[in-house]
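Thanks for coming. I have one structure to go through today, so let me put it on the screen.

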Amino acid sequence: MPSEETRTETRTDKTETLTATETRAVPGQASSTSSTRAWTTWTTRLLMLGIVLAAFNLRPAITSLGALLEEVRDGLGMSGSVAGLLTSVPPLCFAVFGVTAPRLARRFGPGAVVWAGMVAITAGLLIRPYAGGTAGFLAATALALMGIAVSNVLMPVIVKRYFPDRVGSMTGLYSMALAFGTSIAAAATVPVTNALGGGWQPGLAVWATLGVAAVLAWIPFVRHREAPQSASAPERTADAPGGRGAGPAPEQPPLRITRSRTAWALAVFFGLQATAAYITMGWMAQIFRDSGVSAGTAGLLLAVIMVMGVPLAFVIPRVATRLPHQGPIVLVLGVCGLAGYAGLYFAPVGGAWAWALLLGISNCAFPLALTMVGMRARTGAGVAQLSAFAQSTGYLISIPGPLLVGVLYQHSGGWGLPITLMCALMVPQIVVGVLAGRDRTVEDEVGR
């Protein structure tokens, strides 16, 4: 065996194995392991497919229900107050269950938790139309939202861990799939329901088929806990006693994330953009209709707002990762939002299509927020903590928004005050987004 022999030490939670790999002393030649070779072929492609399928399943549970809410209310005898509560259940579940994702990922591995999340989404979507009452419907909806919550938090972690050199492009792919799933469920639920005979139960349950595909795609990663070693990473040499490599760094204690100003700025930014998104999904079509736009056109305008996220969700993260400071992107999105709301206030019908385009651009703050989560921490564990903190805190912040818009509308009898509120919230969103976009990491700001 050649003298230039290195040993790569691979550790798992319970066992420790040593694998000898032979290399030749050729400058610039990187050693290659069977694990790395495997990850460069079908496994990587399967993981990319799994990420896309998971993202596609993170919104149909919400938007498909919105499309059939009137039929669901009539079918279950649901009161108006309970139906109104449904608009705030998603961010509430995201906040409550999302915070558990990092702990579950440390215990079982992120792949296993995402797989379990897909199972929960699929089961919830399949059960809730046939639960037999309002309580069962809400419980099954909460089950699906629980799966969405943990997967929401862990998607940036998966991207950071397995695609560290492609955070922007992979976040863009994930965000584009999420936006596409949101738009498809909103636009296709009613036609699909009619094609299935007009009953709302099969119209809601049919979206569970997407969950089955995601569950199957994530099965190979249930037991996969470690990221592949990069081919360009320096090899560990046998310089430790007994000829062993240095081994992985000892596990670090959790970050004191609440001491980071960047983490707080990112959490508030996430919360304000989520507020705008849920107000848009819940009320924008009604705003257009009350302004004199036909119901069909109002639905198309809402679809335009949502579908803008498909191409831009892929472009924005790629641009963001090339900038040292993401503040300029935050500013552009915020100005588009301000212009869209101003136009909606002064000329809701005359410029309706222009306002829809501007608000669609503004709503792309979501993929930007996800990208910044991956950029504001150096390690996978740091990203997991930051993602859980920013999303859980952000979704808590977003809960009152849709309810407050409804209260203002009912109190004033028009949309002037609600639109003014939406416009006003865009200002602090810009401010905290600029702060969150600064070139620094949470590890630099807090001690352990």
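Predicted model: local features only at pLDDT ≥ 70, side-chain atom pairs only at ≥ 80, totals over all residues.

Residues are numbered from 1 along each chain as its sequence is written, and side-chain values use heavy atoms, with hydrogens and water left out.

The structure has two salt bridges, meaning a side-chain nitrogen of Lys or Arg within 4 Å of a carboxyl oxygen of Asp or Glu. One joins R378 to D444, with the closest N and O atoms 2.7 Å apart. That pair links distant parts of the chain, 66 residues apart: R378 is in the loop between helix 18 and helix 19, and D444 is in helix 22. Helices here are DSSP runs (H or I, at least four residues), numbered from the N terminus. D444 is exposed at 54% relative accessibility; exposed is over 50%, buried under 20%, and partly exposed in between, with a 1.4 Å probe and protein chains only.

The other bridge is R440 with E445, at 3.8 Å from N to O. R440 is partly exposed at 33%, and E445 is partly exposed at 27%.

Next, the helix pair. Residues of helix 16 that meet helix 17 include L333, Y341 and L344, and their partners include W355 and L359; contact is heavy atoms within 4.5 Å.

L92, in helix 6, is partly exposed at 42% relative accessible area.

Methods:
Helix = DSSP H or I, 4+ residues; strand = E, 2+ residues; numbered from the N terminus.
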